[in-house]
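The entries below follow the order in which I looked things up.

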Amino acid sequence: MADSILRNKSKEFAKDVVFLCRKMKQNGVEGALINQLLRCGTSVGANIHEAQYAQGTKDFISKLEIALKECNESEYWLELLYETNGITNTEFDEFQSSCIELRRMLVSSVTTLKSKI
């Protein structure tokens with residue numbers, strides 16, 4: 001999984017979230033909302049990275065499922081930030097597309113792994 005597309009995309013997503021949160025902080029967006037997005041947006045990639053060292057298939061699946069939950073939570077905070085004018089329509093669309101792509105990849109991976117058990 002060292003050079004996996006999922007791992008790379010989740011890391012890019014995390015970096016983009018960090019940059020977006022820095023921008024929002026400069027623009028005076030509510031700190032609690034920024035912190036929530038920062039926490040879950042970076043957690044997606046962290047859990048995918050951690051899955052690389054899982055203690056078996058079930059643990060691997062569990063880590064990917066946690067990443068999926070964090071991805072869904074990220075999408076919630078992005079929606080809330082958009083609806084409260086914390087981010088632009090363009091930013092929302094870009095980040096939502098990334099969330100959808102990551103979610104599809106995670107669901108596909110988990111489904112494939114569960115079918116092999």
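I took helices as DSSP runs of H or I with at least four residues, numbered from the N terminus.

The model is predicted, with local features needing pLDDT of at least 70 and side-chain atom pairs counting only at pLDDT 80 or more, while totals for chains, interfaces and linings use all residues. Residues are numbered from 1 along each chain as its sequence is written, and side-chain values use heavy atoms, with hydrogens and water left out.

I noted that the crossing of helix 1 and helix 2 is left-handed, meaning that the near helix is turned anticlockwise from the far one by less than a right angle. Helix 1 makes this contact (heavy atoms within 4.5 Å) through residues including Phe13, Val17 and Met24, and helix 2 through residues including Leu37, Gly41 and Ile48. By class, the contact residues are 13 nonpolar, 5 polar and 2 charged, where Ala, Val, Leu, Ile, Met, Phe, Trp, Tyr, Cys and Pro count as nonpolar, Asp, Glu, Lys and Arg as charged, and the others, Gly among them, as polar.

I then turned to helix 2 and helix 3, which pack at about 155 degrees with axes 8 Å apart and are therefore roughly antiparallel to each other. Their crossing is left-handed, and the contact residues divide into 15 nonpolar, 5 polar and 5 charged.

For helix 3 (residues 57-83) and helix 4 (residues 89-116), I found axes that come within 9 Å and cross at roughly 160 degrees, which makes helix 3 roughly antiparallel to helix 4. This crossing is also left-handed, with 17 nonpolar, 5 polar and 5 charged residues in the contact.

Last, I looked up the largest pocket, whose volume is about 160 Å³. Of the 10 residues that line the largest pocket, Arg7, Ser10, Lys11, Gly45 and His49 are the closest to its centre (a pocket is an open set of points on a 1 Å grid over the protein atoms alone where a 1.4 Å probe fits, with protein on both sides within 12 Å along at least five of seven lines, and lining residues have an atom within 4 Å of a point). Helix 1 gives the largest share of the lining, 5 residues.

Key: Helix = DSSP H or I, 4+ residues; strand = E, 2+ residues; numbered from the N terminus. Points joined across faces, edges and corners; volume = space filled by probe spheres on them. Axes fitted to C-alpha atoms, helices over the stretch in contact; angles between N-to-C directions. Parallel < 35°, antiparallel > 145°, perpendicular 65-115°, else oblique.
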